[in-house]
Amino acid sequence: MSKKHNGISPALAALTTAAMALPGISPTVKAAVAANEPKLSLQYTFYDEDSIPSGDAAPEAGDRDRYEIDVLQVQFLYPLNDKLQITTGFVYDDMSGSSPWFIRPDANGDPLVVMSGATIDDTRYDYTVGAQYFGEKYTVSPNIGYSTEKDYTSVYGGVQVEYEFPNKSTSISGGVSVSFDEIDPTQEAGVVRVNNEDKENYSLFGTINQVINKHTIIQSTLGVSIFDGYLSDPYKQVFLPTGNLPDSRPDDRIQYTWSTRLRRYSELLSAALHVDYRFYYDDWNVRSHTLDLGLNKVTESGWAFDSSIRYYSQTQADFYEPFYTQVRADGEYSSDYRLSPYGSIAFRLGLSETIGDWTIKLGAERYLSDKSYSVQSVDVENPALLDYTQFTFGMDYSF
Amino acid sequence: MKIYSRIFAVLIICFLTFSCSSVSPWERGILAKPEMAWEPDPLIGQLQEHVYFSKEGSSGGYGAGGGGCGCN
């Protein structure tokens with residue numbers, strides 16, 4: 001668990017860790033300085049979505065049970081020398097369950113969900129390789145990755161550069177990433193679906209990281225992400241009185257984000273307060289606010305405890321409706337709950353203990369979404385809004 | 001959008017005018033504590049960002065793990 005510091009300031013160390021989480025910038029390389037020793041991390045997560053309530057499902061809805069996913073994550077970090085380290089990552093998802101297909105009105109005009117007819121089974125494999133070079137003032141971090149599942153492949157990569165100012169209290173970072181995705185939907189008799197489509201994503205970000213005082217550090221990031229290609233969901237439809245139509249969204253989307261993070265250590269609590277805020281806006285007119293508040297404590301005996309609450313609220317996309325009553329001139333339709341107006345609250349707890357070269361970790365999260373959690377008033381709630389629970393068990397071993 | 005623009009402007013100004021005190025290297029022990037990290041557990045952070053990326057209408061800002069997926 002020990003790390004060499006090589007004279008790199010906490011500002012750059014913290015910046016590196018945060019910026020590595022951006023898309024295409026290796027999420028698996030998190031250390032700010034080359035590690036002393038190789039480290040293997042394993043983590044298993046059980047993710048379980050709540051079933052659609054019977055009152056929200058149409059009689060012909062099919063199986064109301066939504067996804068259960070087993071997730072296995074493996075990461076291996078290997079320092080080649082004190083300037084360069086390599087990280088490889090692997091993620092395996094095994095998913096099973098039903099997914100919302102479309103929403104139709106009942107006799108009173110209230111929305112009801114119709115689920116996908118059969119249980120969907122799929123597996124996803126995600127491989128990443130990244131490197132980090134630690135210079136005197138600069139850190140350079142390239143990475144590439146490949147993700148594949150039955151009907152979807154994604155190739156992605158990125159690079160970021162960090163620079164630390166001579167005052168060692170300020171650092172800046174910038175990065176770019178790209179991904180090329182292809183979808184080849186599973187076909188079903190009697191259902192019209194696209195055959196083979198692709199999309200591209202280009203992202204850019206800039207970050208400033210500032211030490212405020214010996215207890216406080218702050219970071220702010222501006223990002224833009226451009227999507228181009230097939231952005232619809234081939235497994236969803238929309239209801240129209242004249243007959244269902246495929247989910248059909250614009251073929252480009254530009255997303256803007258501004259996020260700020262604060263870490264403040266409390267001597268009174270012997271713990272760190274975490275405050276994260278993100279504002280998001282895109283040209284489909286979805287706007288969202290995300291606020292994450294957490295408390296992290298590490299004891300001298302090796303125990304670590306963290307708890308957090310996350311609040312999220314979004315507006316709807318321009319073309320979204322739970323169901324449609326007339327044809328749209330632009331031909332854009334989606335009843336996907338992810339494009340609907342709603343809010344969510346998530347509660348998280350984590351506990352870990354480090355004994356010698358081993359660290360054992362446990363975690364849990366409960367996620368609830370509802371129209372009443374939204375910042376703005378919502379007239380009609382999408383009945384497919386998601387609630388889920390997940391449990392995590394992990395271990396790290398330093399060689 | 002006006003209200004969001006104002007919130008954005010106020011927060012930017014607050015950030016830029018934050019009174020920063022000079023912190024000597026020997027005073028930075030607290031800042032280097034593991035609980036002060038932006039992402040104390042990278043694997044859990046990677047998983048959470050991927051779930052939010054897959055299940056919400058907005059993404060990015062402080063990261064989504066890996067490439068795209070056919071998540072629905």
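I am working from a predicted model, in which local features need pLDDT of at least 70, side-chain atom pairs count only at pLDDT 80 or more, and totals for chains, interfaces and linings use all residues. Residues are numbered from 1 along each chain as its sequence is written, and chains are lettered from A and ligands numbered from 1 in the order in which they are written.

**Strand 9 of chain A**

I looked up strand 9 (residues 170–183) of chain A, a strand being a DSSP run of E of at least two residues, numbered from the N terminus. Ser171(A), Gly175(A) and Asp181(A) are among the residues that point to one face and are buried, where buried means that 20 or more other C-beta atoms, placed from the backbone, lie within 10 Å of a residue's own.

I then checked the neighbours, counting two strands as paired if DSSP finds at least two bridges between them. Strand 8 (residues 152–164) pairs with strand 9 in the antiparallel sense over 13 bridges, and Tyr163(A) stands opposite Ile172(A). In the hairpin of these strands, with five residues between them, Lys168(A) takes a positive phi near 55 degrees. Strand 10 (residues 197–213) also runs antiparallel to strand 9, joined by 14 bridges, and Phe205(A) is the bridge partner of Gly175(A).

**Chain B and the contact**

I found two helices (DSSP runs of H or I, at least four residues) and zero strands in chain B. The contact (C-beta atoms, placed from the backbone, within 7 Å) takes 45 residues from chain B and 80 residues from chain A. Helix 2 of chain B gives the most to its side, with eight residues.

Technical notes
Buried ≥ 20, exposed ≤ 12 C-beta atoms within 10 Å, placed from the backbone. Contact = placed C-beta atoms within 7 Å.
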